[in-house]
Amino acid sequence: MASNPAVWWQSAVVYQIYPRSFRDASGDGIGDLAGIISRLDYLQRLGVDVLWLSPTFPSPQDDAGYDISDYTDIDPVFGTLADFDRLLAEAHRRGMKLVLDLVVNHTSDEHPWFQQSRRGKDDPKREWYWWRGPRAGMAAGAPGAEPTNWGSAFSGSAWELDEASGEYYLHLFSRKQPDLNWENPQVREAVYAMMRWWLDRGVDGFRMDVINMISKDPRLPDGPVHGGGYGDGSAHYICGPRIHEFLQEMHQRVFAGRDAQLLTVGEMPGVTVEQARLFTDPDRHEVDMVFQFEHVQLDQGIDKFHPTGFSLLDLKASLGRWQAGLAEVGWNSLYWNNHDQPRVVSRFGDDSDQYRALSATMLGTVLHLHRGTPYVYQGEELGMTNAVFAGISDFRDIESLNYYAAALAATGSDQPMPGDPLADRTTAAEAASAGAGGGAGDAAAAEVLAALRRMSRDNARTPMQWTAGRNAGFSSGEPWIGVNPNHRTINAEAELADPDSVFHHYRKLIALRHDHPIVAVGDFGMLLPQDEQVYAFTRRLDSECWLVLGNFSGAEATATVPDAPGWAAAQLLLGNYPAVPDATSLVLRPWECRIYRRTTAPD
Ligand code: GLC
């Protein structure tokens, strides 16, 4: 094992900005680029190395900007290209890199490529998307006539009928997000040209949205149906037949030969450890690291809106397998949160007043001390919690709104509708107006709402809490989504002033990674896999060994690691309680974390 990180991003920490909700300088209630620029000093103080910006390109905002209608401009709601250049220069001036979100599994249906593609079967751009006629022997538009039985990620069929041509187009996400046909070399070249355009402008890499879905089995077979409804087509588009070829080609056409220090991270739902090792093997030239989903799906049943309990044993088994699987070849990315996940302190921690800060700092410590590159999602460094949603009208996310409408329709609680219950309202705005029918419908609606409150992506999307003041200091206007009322106590201003805050704990975690190569590249060794309360592991590099402990409970817990007395007497590098009363044992208080360090003389 080399003593020093071989690559810069092994000792880097990435911070994700969700621009809509970060800081609104213009006062229209939606965050913008000027707002981000005004907070760069804050990010520099936190110490992060890379900023990843969720999409700010022109978009109808059906899926909050992940539906792009122009890849080489900025949506006026966020600013201008000149603002972007200023943001890039100001970030670079502070020593931070800037990585963009690359959303090329699909475009918006308002992108000129798709507008042209839908003009007719003979249009030269027809083959840029996935068009298919109805199922053999069926009339277009008839129930079940879709070319495959696949469901979309946002409820309903993955196919939308184009009345004019009598053909359907594929959309794995909303009907306003048609999937690009990567089999077509012209599509690939257009994407690569766009990526080069941004790199030439100075950006430092890309986070690649659902990039393991770009290669589909062109035969488009039906998928298995699990318990009624639509089929699961994922076996035919998750890490499909040409995915490695496409990523290698992308590397060759976009990144190879550039001397800049770039970062590529592929978002890959459903990726396995074995596949991830291939994707991130440096010799294969595909991506630097991937976002895997296993650990954020452990607490869910048939889908994310049927949550199950959280099991620490499952979490350790899963993350431990990823650590082991990518130990020799490849690299992990480490995350609890992003714009698609509920807030971790409300999910795996305890967001009560008593334990919020302790559990948030414990969770951060355990994650950041794993081997891999950590990602901090805006507000995580403050211990921001899940939101308060009174009713369905408080939600904004298309996934939540469509799910609500579909779930109520399925229970028969909604207004009866012929055919596909979602056919008439699969845009966010339309679904928002759908409601329960009363009576039995109220009970069904209450159940669905309970699931949304726990798992909705909107939990992550409420405005960043800067101050205790009006709108949490996010905007002088009416925010596009409600501000969490707990901003009066949980906010950046208060945390910056408190040396024991979650913010300062995250700042120390980031500094540890910068200062100690062991955090970046030391060997990882899981301990106590069967302990129901304590997360424990070691890191080792040369003559140095660290022990990391996290109590995942509100009860006292003893860490029964090998040589506990030796560790208890070792140097305590960081903890989340003011002092450790007893240097002879490893009894952890509620949600306590500790990092110990020992050095032994080399032989
Ligand atoms: C990714 C994004 C998510 C988006 C989806 C479709 O999962 O993170 O926000 O809805 O892709 O683009």
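A residue counts as buried when its relative accessible area is under 20%, as exposed when that area is over 50%, and as partly exposed in between. With this scale in hand, the predicted model can be explored, beginning with the loop between helix H13 (440-455) and helix H14 (492-497), where Gly469 is found. The relative accessibility of Gly469 is 33%, so this glycine counts as partly exposed. Along the sequence, Gly469 and Ala494 are 25 residues apart, while in space their C-alpha atoms are 11 Å apart.

Setting aside neighbours within four places in sequence, Arg470 is in contact with Ser475, Ser476 and Gly477. For Ser476 there is a further detail: its backbone oxygen lies 3.0 Å from a polar atom of the Arg470 side chain. Arg470 can also be placed relative to Arg488, which is 18 residues away in sequence and 9.2 Å away in space, C-alpha to C-alpha.

Ala472 lies in the loop between H13 and H14 as well. Its relative accessibility is 0%, which is why Ala472 counts as buried. The backbone of this residue deserves a look too. Most residues other than glycine have a negative phi. Ala472, although not a glycine, has a positive phi of about 55°. Another residue with a positive phi is Ala64, whose value is near 50° and which is likewise not a glycine. Ala64 sits elsewhere in the chain, in the loop between strand E2 (50-53) and helix H3 (81-93). Because its relative accessibility is 16%, Ala64 counts as buried.

One more residue of the loop between H13 and H14 is Asn486. Residues up to four places away in sequence aside, Asn486 touches Thr385 and Gln465. With Gln465, the link is a polar contact of 3.2 Å between the two side chains.

Attention now turns to the ligand. It is surrounded by 14 residues, and the closest are Asp63, Asp209, Glu267, His339 and Asp340. What is the make-up of this shell in terms of nonpolar, polar and charged residues? The shell divides into 4 nonpolar, 3 polar and 7 charged residues. For His339, an N or O atom of the side chain is 2.9 Å from a ligand oxygen. In Arg207, a side-chain N or O atom is 3.0 Å from an oxygen atom of the ligand. Arg457 has a polar side-chain atom that lies 2.9 Å from a ligand oxygen. Taken alone, the ligand exposes 310 Å², and the protein buries 96% of that area.

The largest nonpolar core has 122 residues, of which Tyr15, Met195 and Met250 touch the most other members. Helix H5 (residues 185-201) supplies the largest share of this core, with 8 residues. What does Met250 touch, not counting residues up to four places away in sequence? The list consists of Leu102, Trp182, Tyr192, Met195, Met208, Ile211 and Phe255.

Methods. Residues numbered from 1 in each chain as written. Predicted model: local features only at pLDDT ≥ 70, side-chain atom pairs only at ≥ 80, totals over all residues. Heavy atoms only, no water. Near = heavy atom within 4 Å. Polar contact = N/O pair within 3.5 Å; in protein donor to acceptor, adjacent residues only side chain to side chain. Areas by Shrake-Rupley, 256 points an atom, 1.4 Å probe, with all protein chains shown as cover. Nonpolar A, V, L, I, M, F, W, Y, C, P; charged D, E, K, R; others polar. Core = buried A, V, L, I, M, F, W, Y, C linked by side-chain atoms within 4.5 Å. Buried < 20%, exposed > 50% of the residue type's maximum accessible area, 1.4 Å probe, protein only. Helix = DSSP H or I, 4+ residues; strand = E, 2+ residues; numbered from the N terminus. Contact = heavy atoms within 4.5 Å.
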